[in-house]
Amino acid sequence: MARLLQSDFFKQYLVKPFLKVATLEEANYLSTRLRQEDIDECKANANVTPKEALLAGVQHSHLPFAVYNKEHNPVMIMGVIPQGKNLGMIWLLSSPEIKNMPLTFLRNCKPVLDCYNQTFPVLYNYIDARNKLHINWLKWLGFSFIKVHDKFGYEKIKFIEFVRCVIQH
């Protein structure tokens with residue numbers, strides 16, 4: 001991890017006020033401000049509260065990141081939970097305010113994703129089929145949707161499995 005923190009990516013992006021490594025305090029703050037679609041997905045998938053999902057995500061992720069608004073409040077947290085040597089489960093939870101900052105958000109997603117793929121060549125997860133904003137984000141980032149699960153998770157509703165693989169030399 002120290003190698004990544006000293007990389008050109010961090011030198012370029014962590015100095016900007018809208019992206020930094022997420023903390024548990026920020027997870028607590030964001031947990032009361034999530035989009036309804038994200039709240040619904042937490043319940044449908046694992047029957048957990050937003051606070052439980054965010055705290056676990058930040059605690060178990062390899063370099064969780066937060067995106068901030070102009071007031072320096074977190075509006076989104078994402079991370080990758082290691083699932084093995086080359087496999088990571090990517091996740092993201094956000095407030096409705098993420099819609100107000102699409103260029104800032106999108107401009108920084110691909111470098112973050114590239115950073116994650118350096119450690120985890122295969123990123124995957126399952127997304128609630130009702131979560132259209134995040135499905136569009138995943139498409140834009142180049143994820144492939146590989147399987148529809150009609151009865152997935154705690155609520156046994158439709159989720160879509162997605163993956164992004166990179167070849168490392």
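In which sense do strand S1 (residues 19-21) and S2 pair, and over how many bridges? I found the two strands antiparallel, with 3 bridges; strands here are DSSP runs (E, at least two residues) and helices are runs of H or I, at least four residues, both numbered from the N terminus, and two strands pair if DSSP finds at least two bridges between them.

I noted that the model is predicted, so that local features need pLDDT of at least 70 and side-chain atom pairs count only at pLDDT 80 or more, while totals for chains, interfaces and linings use all residues. Residues are numbered from 1 along each chain as its sequence is written, and side-chain values use heavy atoms, with hydrogens and water left out.

Ala66 in S2 is the bridge partner of Lys20. S2 also runs antiparallel to S3, with 5 bridges joining them; Val67 has Met76 in S3 as its bridge partner. The two strands form a hairpin with 5 residues between them, and His72 in the turn has a positive phi of about 70°.

I then checked burial (buried: under 20% relative accessible area, 1.4 Å probe, protein chains only). Because 7 of the 7 residues of S2 are buried, this strand is largely enclosed by the rest of the structure.

Methods
Buried < 20%, exposed > 50% of the residue type's maximum accessible area, 1.4 Å probe, protein only.
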